[in-house]
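Open the model in your viewer and keep the sequence beside it. Each stop on this tour tells you what to select and what is there.

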Amino acid sequence: NASWGQTLAVIVLCYVSINGIFAVLFGLVGGVSNVRPGHPEDYFFFSVETFATIGYGTMAPESTVANVLMM
């Protein structure tokens with residue numbers, strides 16, 4: 001019974017939340033190349049690139065733990 005706007009808002013919230021969780025996890029385990037020190041948004045962008053399967057630009061997983069988390 002939700003409107004299209006409410007449904008879209010829930011989808012966007014879920015998408016951002018999932019990527020936010022993975023961004024925190026990537027920040028904790030490290031192992032992502034070319035992340036700028038003091039820029040946690042890089043981990044969020046890396047998570048979006050992984051989740052959306054759009055490919056990596058300058059950032060890529062380097063450690064085993066980061067690769068496992070990426071899977």
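Is arginine 36 buried, partly exposed or exposed? Select arginine 36: its relative accessible area is 41%, so it is partly exposed. Buried means under 20% relative accessible area, exposed means over 50%, and partly exposed lies in between, with a 1.4 Å probe and protein chains only.

Two notes before moving on. This is a predicted model, where local features need pLDDT of at least 70 and side-chain atom pairs count only at pLDDT 80 or more, while totals for chains, interfaces and linings use all residues. Residues are numbered from 1 along each chain as its sequence is written, and side-chain values use heavy atoms, with hydrogens and water left out.

**Stop 1: the whole protein**

Show the cartoon. There are three helices and zero strands. The order along the sequence is α-α-α. Helices (H or I, at least four residues) and strands (E, at least two) are DSSP runs, numbered from the N terminus. The C-alpha atoms fill a box of roughly 45 × 25 × 20 Å along the principal axes. The protein has 71 residues, and 25% of them count as buried.

**Stop 2**

Two salt bridges occur in the structure. A salt bridge is a side-chain nitrogen of Lys or Arg within 4 Å of a carboxyl oxygen of Asp or Glu. Glutamate 41 is partly exposed, at 32% relative accessibility. Aspartate 42 is buried, with a relative accessible area of 5%. Shared partners join Arg36, Glu41 and Asp42 into one network.

**Stop 3: helix α1**

Select residues 4-29, helix α1. This helix has 26 residues. From first C-alpha to last, α1 reaches 38 Å, close to the 38 Å expected at 1.5 Å a residue. The expected span is 1.5 Å times one less than the number of residues. Which residues of α1 are buried? They are Asn19, Ala23 and Phe26. These buried residues pack against α2 and α3 (64-70). Just after α1, click glycine 30: its phi is positive, about 70 degrees.

**Stop 4: asparagine 19**

Stay in α1 and select asparagine 19. Its relative accessibility is 0%, so it counts as buried. A polar atom of the asparagine 19 side chain lies 2.9 Å from the backbone oxygen of tyrosine 15. Not counting residues up to four places away in sequence, asparagine 19 touches Phe44, Ser47, Val48 and Phe51. A contact means heavy atoms within 4.5 Å.

**Stop 5: aromatic pairs**

How many aromatic pairs does a search of the whole structure find? It finds three. Rings of Phe, Tyr and Trp (its six-membered ring) pair if their centres lie within 6.5 Å; planes under 30 degrees apart count as stacked, over 60 as edge-to-face and the rest as tilted. Select phenylalanine 26 and phenylalanine 46. Their ring centres are 4.8 Å apart and their planes stand at 85 degrees, so this pair is edge-to-face. The pair links distant parts of the chain, with phenylalanine 26 in α1 and phenylalanine 46 in α2, 20 residues apart. Phenylalanine 26 is buried at 1%, and phenylalanine 46 is buried at 0%. Next, select phenylalanine 44 and phenylalanine 45. Here the centres are 6.3 Å apart and the planes are at 65 degrees, so this pair is edge-to-face. Phenylalanine 44 is partly exposed at 26%, and phenylalanine 45 is partly exposed at 43%.

**Stop 6**

Select tyrosine 43 in helix α2 (residues 41-51). It counts as buried, at 17% relative accessibility. Leaving out residues up to four places away in sequence, tyrosine 43 touches Ala23, Phe26, Gly27, Val32 and Val35. Tyrosine 43 and valine 32 are eleven residues apart along the chain, and their C-alpha atoms are separated by 8.1 Å.

Now select Ala23, Phe26, Val32, Val35, Tyr43, Phe46, Met59 and Leu69 together: these eight residues form the largest nonpolar core. A nonpolar core is a set of buried Ala, Val, Leu, Ile, Met, Phe, Trp, Tyr and Cys residues joined through side-chain atoms within 4.5 Å. The elements giving two or more residues to this core are α1 and α2.

Key. Polar contact = N/O pair within 3.5 Å; in protein donor to acceptor, adjacent residues only side chain to side chain.
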